[in-house]
Amino acid sequence: MSARLMQGNEAIAEGALVAGVRFFGGYPITPSTEIAESLAKMLPKVGGTFIQMEDEIASMGVVLGASLAGRKVLTASSGPGISLKQELIGYASAAEIPVVIVNVQRVGPSTGQPTAPSQGDVMQARWGTHGDHSIIVLSPWSVREAFEVTVRAVNYAERFRTPVILLTDEIVGHLRENVELPDKVKVYPRRAPKISRAEGYEPYTPDEDLVPNIANFGEGYHIHVTGLIHDETGFPSGSPKVTREAIKRMHEKISRAEDEIVDVHREFMDDAEVAVVSFGGTSRTAYEAVLNARKRGLKVGFIRLVTIFPFADKIIRELSKNLRGLLVADLNFGQIVNEVERVAECPVKLCAKYDMTIFEPEEIEKSIDELVAEVK
Amino acid sequence: MRKQLRLSGSGGQGVITAAIILAEAAVTEGKNAVQSQSYGPEARGGASKSEVIIDDEKIYHPHVKNPDFVLAMTQKAADKYYADLNPEGTLILDDDLVPTSPAFKNIIRVPITKLAVEKLGKSLFANIVALGVLVKVTKLVDFETIKKSVAKRVPPHTVEQNMTALQLGFDAV
């Protein structure tokens, strides 16, 4: 396929389609609207369904229903809409319903700056819904990667039967650039029961990978789905043992695959004395800042989180052992920096920006210079 | 060689669409292009700006600094966005909508919106007239390429009028 100009949001829609998403429910909001717009055109052509609901809560409910009925599903929103979806994101966690939620971040809190870039929803992506829960959060830095990460998000949602947050931002969502997309991608199929009811099937019995093979609605298994803590039958249980095991399994089904899920893009780390950590659209500027600093003879490395959660504890800790300092470029008041500080074994410096404009390379370079001076 | 453009005006004038079409034409010709935009929360009337970077090398940071070309379709945009122009760059102004030229060396004034209204009956085509001007002035893409890109992006029943608009702009400078 030859190169074409494509927007990040459009690439998410393309990725969703090839990953097998056949149902989108949503409510438009800047800067995510193009995802809904694109899928409204694309889905009916492949026998899929697009539905605009009355609000973001209903949008989340309808995709969970469609997922339980066997469709691969995705919804997209931004700040205020993502806040509204939180309760049902927790429901998806508890009931183990595959779903991808795209958050094209803008400035918050509340209505904030609707059209302006920010990366302030990092901790919401991890802890936005209440209670102990596990989650996967991914973030792309280019239009091409927006496509790839969407495919990965859909596959993870299906494989682990979990909500996956695609945490992109206005920078990548609204950016257009030339891309060549692959014709074929690897797609994880919907999990299916391996045995019949007569053979003793229960919907929430975990498979070897700790993920249950829950039957789709309408396929004859008559399953029960609830947000209450439930046992293998899917019906509520008041037992401390069942509660402990349910919460433990929910975490372990993802943490045991962490080495595979955690994806960190690293460059110039062989000779690096300090390094810049960033993710998403901000990484494009951080990369340019690192290139500029290296041209000036500074030994600076580049660390980009493609997987935000589970956090790259092991990788950052190992890398930090050979570094004098880490600089975190946070397009927010300081969120990723706390995660980096938690695991790094070297000094950590924050370069924060929260004025509705993106970083300029010079701003990150100046912080690199300051860090180099501080850790000499 | 990196070339940077900034197209500015107010919401509804179509500067973002013009920038998309220009970036798309550059991609058709095998170049790397990045197009970004910034606008206010209003559907129409707020400040609107779109930036395009065209390069043979990879493009990371998406914002332009010291653009080679700035198009301004309102006085406010002209006053705001010419400041960091490359001193050897060019400032293109809508003759009627920008009455006062900023203090800059290379200015080209074109009655962009007036041409659209007088020849096509609608100010709606001003952005495509502007695109014709930009292609002529910047020489960044071939006129035949931009024609194809315009035809691809506009509603089918308006292709003919948009081709006229493009030619009007191209011939106006």
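Visitor: How much area is buried between domain 1 of chain A and domain 2 of chain A, and what percentage do carbon and sulfur atoms give?

Guide: Please bear in mind that this is a predicted model. The size of an interface is often given as the accessible area lost when the parts come together. Here, about 2200 Å² is buried between domain 1 of chain A and domain 2 of chain A, and carbon and sulfur atoms account for 62% of that area. On the side of domain 1 of chain A, A:Gln119, A:Val122 and A:Trp141 supply 33% of the area buried against domain 2 of chain A, more than any other three residues.

Visitor: Which residue ranges belong to these two domains of chain A?

Guide: Domain 1 covers 4-179 and domain 2 covers 263-374 of chain A. Their C-alpha centres are 26 Å apart. To the contact, domain 1 of chain A contributes 29 residues and domain 2 of chain A contributes 24 residues.

Visitor: How many salt bridges does the rule find across the interface of these domains?

Guide: The rule finds three salt bridges between domain 1 of chain A and domain 2 of chain A. A salt bridge is also formed by A:Arg284 and A:Glu177, whose closest N and O atoms are 3.0 Å apart.

Visitor: Turning to a helix, what span does α8 of chain A reach, and what is expected?

Guide: Helix α8 of chain A, residues 240-255, has 16 residues and extends 22 Å from its first C-alpha to its last, close to the expected 22 Å.

Visitor: Which residues of α8(A) are buried?

Guide: They are A:Ala246, A:Arg249, A:Met250, A:Lys253 and A:Ile254. These buried residues pack against α4 (79-95), β7 (136-138), α6 (143-160) and α9 (258-261) of chain A.

Visitor: Finally, is B:Thr90 buried or exposed?

Guide: B:Thr90 has a relative accessible area of 13% and is therefore classed as buried, the cut-off being under 20%. B:Thr90 belongs to strand β5 (residues 90-94) of chain B. Leaving aside residues up to four places away in sequence, B:Thr90 touches several residues, among them B:Phe69, B:Leu85, B:Phe104 and B:Val137.

Terms used: Residues are numbered from 1 along each chain as its sequence is written. Chains are lettered from A and ligands numbered from 1 in the order in which they are written. This is a predicted model: local features need pLDDT of at least 70, side-chain atom pairs count only at pLDDT 80 or more; totals for chains, interfaces and linings use all residues. Side-chain values use heavy atoms; hydrogens and water are left out. Helices (H or I, at least four residues) and strands (E, at least two) are DSSP runs, numbered from the N terminus. The expected span of a helix is 1.5 Å times one less than its number of residues. Buried means under 20% relative accessible area, exposed over 50%, partly exposed in between (1.4 Å probe, protein chains only). Contact means heavy atoms within 4.5 Å. Domain bounds come from an automatic or database domain assignment. Buried area is the accessible area (1.4 Å probe) that two parts lose on being put together, summed over both. A salt bridge is a side-chain nitrogen of Lys or Arg within 4 Å of a carboxyl oxygen of Asp or Glu.
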